[in-house]
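Please open the model in your viewer and keep the selection panel at hand. The stops below say what to select next and what is there.

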Amino acid sequence: MWTQEVRPHCVAAVLRNITFTSESYNSFIDLQDKLHQNLCRKRALVAIGTHDLDTIKGPFIYEAKPPADIKFRPLNQTKEYNAVELMDLYSVDSHLRHYLPIIRDKPVYPVIYDSCGVLLSMPPIINGDHSKITLDTRNVFIECTATDLTKAKIVLDVLVTMFSQYCAEPFTVEQAEVIQCDGSSAIYPELKHWEAVLKVDEVNKKVGIRESGETIATLLTKMCLKSEVIEDGSKVKIDIPPTRADVIHACDIIEDVAIAYGYNNIKKTIPNSGTIAAEFSLNKLTDLLRQEVAMVGFTEALTFSLCSQDDISVKLRKDIKSAPAVHISNPKTLEFQVARTTLLAGIMKTIASNKNMPLPMKLFEISDVILKDNNYDVGVRNERRLCAVHYNKNPGFEVIHGLLDRIMQLLAVPFSRECGYHIRSCEDATYFPGRCAEIVYKGEVIGRLGVLHPDVIVKFDLSLPCAALEINIHPFL
């Protein structure tokens with residue numbers, strides 16, 4: 001059961017009566033390295049182990065043990081080490097040190113034993129020296145431990161299909177039964193393959209060529225997809241082998257036709273229907289506002305769409321639970337934990353990074369924020385906003401208020417409670433008490449402006465007062 005905490009899945013197979021040459025042996029090792037680097041995501045998803053079956057005895061046991069209880073002689077070493085010592089030994093190894101963090105902090109490490117207690121490997125780090133394969137190896141036991149079962153199946157299928165050609169009976173593989181903790185079992189490798197049927201006309205239309213079914217079948221066969229023409233040449237039947245796990249849809253097959261044909265060989269044609277491209281009205285309005293706000297004297301900033309939780313909550317004196325923020329499930333850094341719900345935080349961080357610039361600093365940004373919204377099928381929506389900040393020895397509220405009036409003047413929105421815009425007093429934790437106002441357009445609150453609270457300024461590592469404006473520009477379309 002402990003293996004569920006580290007690498008829950010395991011698949012296996014056997015290649016019998018295989019004959020290695022120096023060239024095929026090196027190719028076998030090289031293929032494992034290539035798979036480890038790409039499909040296995042540097043062993044994080046799958047780790048491959050290959051062993052000389054004649055030196056070990058099944059059945060094999062996959063389990064997990066505390067590091068201090070694991071002791072064996074690793075590959076190409078002359079003495080035994082326990083797992084704790086191995087971590088220190090390989091921490092300076094140019095090749096293996098990159099894989100140590102995968103399990104180093106786990107309470108238990110995965111290991112594979114044979115029925116005699118011989119340790120085969122400690123995935124994903126190193127195999128045991130006892131069962132290493134050589135040019136004299138005739139029977140190869142292959143095991144793949146993984147955090148992703150689908151990837152493990154694909155890796156095993158690729159290995160056995162490519163090297164079963166060196167067996168005494170080419171392209172044969174011995175399956176292995178894997179018994180799970182709950183008593184259920186599965187047979188590997190599965191070697192699944194499937195057939196697809198495509199219309200020749202559809203392939204020609206999507207690629208932009210005019211070729212017969214025979215030619216298309218020949219092109220696909222060159223791409224390792226065995227194909228034949230059926231139904232008087234109107235369709236092509238394609239057999240997708242286990243080695244082409246990347247083919248999951250008809251479009252993948254059509255792409256292979258284009259690759260085999262050669263993109264440079266596809267003749268350029270003029271579309272039969274004439275279309276006129278037009279800029280989205282939202283983007284057009286955004287570009288017009290950018291130019292006008294810059295002419296007022298503000299400098300445009302372009303900040304990241306992702307930020308930390310503190311940027312939109314603690315630093316703005318808000319509660320993260322009340323913010324309609326989209327959270328990143330596995331953030332790689334504390335700076336990118338959530339999608340921004342406001343542009344203000346990004347501009348404040350930009351000012352903090354440019355405190356040596358001459359005053360006053362007037363920055364603005366017109367970009368999207370991302371907000372949770374259950375009314376949309378994806379559960380979120382984008383909202384285009386305009387945000388401006390004035391940073392100086394005095395707040396400059398009149399500068400920000402003047403910018404708001406200029407924007408409304410450009411949008412031909414009158415100052416009116418009934419058919420235009422107006423501002424009204426409100427309280428917002430981000431702003432100084434009594435120095436914050438809501439911007440109301442046709443009865444709808446579209447934003448806020450005011451003087452930022454001193455705590456907000458300090459938390460962004462600033463020392464001078466700020467006035468800010470942030471409005472939603474969607475209502476003006």
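Predicted model: local features only at pLDDT ≥ 70, side-chain atom pairs only at ≥ 80, totals over all residues.

Two strands count as paired if DSSP finds at least two bridges between them.

Select residues 431-441 and 444-452, which are strands β21 and β22; they run antiparallel and are joined by seven bridges. Within this pair, Cys-436 has Gly-450 of β22 as its bridge partner. The two strands form a hairpin with two residues between them, and Lys-442, which lies in the turn, has a positive phi of about 50°.

Residues 466-472 are strand β23, which runs antiparallel to β22 and is joined to β22 by five bridges; here the bridge partner of Gly-447 is Ile-471 in β23. Strand β20 pairs with β21, again in the antiparallel sense and over five bridges, with His-422 bridged to Val-440 of β21.

Now show the whole sheet, which is open, has seven strands in the order β15-β18-β19-β23-β22-β21-β20, and is mixed in its pairing. Its edges are β15 (299-300) and β20 (421-425); each has a single partner strand, so one side of each is left without a neighbour in the sheet.

Move on to helix α6, residues 250-261, whose 12 residues reach 17 Å from the first C-alpha to the last, close to the 16 Å expected at 1.5 Å a residue. Colour its buried residues, among them Asp-252, Ile-253, Asp-256 and Val-257; the buried residues of this helix pack against β12 (194-199), α4 (200-207), α5 (213-222) and β14 (235-240). After α6 comes Gly-262, with a positive phi near 100°.

Finally, select the cysteines. How many disulfides does the count come to? The count comes to zero. The sulfur of Cys-40 has its closest cysteine sulfur in Cys-144, 7.1 Å away, which is too far for a bond, because a disulfide needs the two sulfur atoms within 2.5 Å. Cys-387 is likewise in no disulfide, the nearest cysteine sulfur being that of Cys-466, 11 Å away. Cys-40 is buried, with a relative accessible area of 0%, and Cys-387 counts as buried at 0% relative accessibility.

Definitions and conventions:
Residues numbered from 1 in each chain as written. Heavy atoms only, no water. Buried < 20%, exposed > 50% of the residue type's maximum accessible area, 1.4 Å probe, protein only. Helix = DSSP H or I, 4+ residues; strand = E, 2+ residues; numbered from the N terminus. Expected span 1.5 Å × (residues − 1). Contact = heavy atoms within 4.5 Å.
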